[in-house]
Amino acid sequence: MGFGSYDESEQKDQSVEADEDEAVNVHEDHDTGDVEFQSDKDTEELVDQLQHMKED
């Protein structure tokens, strides 16, 4: 066998015993959250800055 190859016979008939009560639920602590920021610039200055960025 060369580098990065594997024997497919080792991959079949694998069973995993897992207790679903102890399994990790990746969506359990999913939080949509809120984002806030503060700026010293007013809305007009921010819009102007955005326009300059779009032009570039």
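Predicted model: local features only at pLDDT ≥ 70, side-chain atom pairs only at ≥ 80, totals over all residues.
## Overall make-up

The protein chain has 56 residues, and buried residues make up 0% of them. Its secondary structure consists of 1 helix and 0 strands.

## The segment before the helix

Helix α1 spans residues 43-55, and D31 is found in the segment before it. D31 counts as exposed because its relative accessibility is 63%, and the cut-off for exposed is over 50%.

D31 also belongs to a negative surface patch.

## A residue in the helix

L46 has its place in helix α1. With a relative accessibility of 33%, L46 counts as partly exposed, since that class lies between the limits of under 20% for buried and over 50% for exposed.

Which residues does L46 touch, not counting those up to four places away in sequence? On that basis, L46 is in contact with S39 and K41.

Terms used: Residues numbered from 1 in each chain as written. Heavy atoms only, no water. Patch = residues over 30% accessible without salt bridge, like charges linked within 9 Å, V, L, I, M, F, W, Y side chains within 5 Å. Areas by Shrake-Rupley, 256 points an atom, 1.4 Å probe, with all protein chains shown as cover. Salt bridge = Lys/Arg side-chain N within 4 Å of Asp/Glu carboxyl O. Lys, Arg positive; Asp, Glu negative; His and termini not counted. Charge placed at Lys NZ, Arg CZ, Asp CG, Glu CD. Helix = DSSP H or I, 4+ residues; strand = E, 2+ residues; numbered from the N terminus. Buried < 20%, exposed > 50% of the residue type's maximum accessible area, 1.4 Å probe, protein only. Contact = heavy atoms within 4.5 Å.
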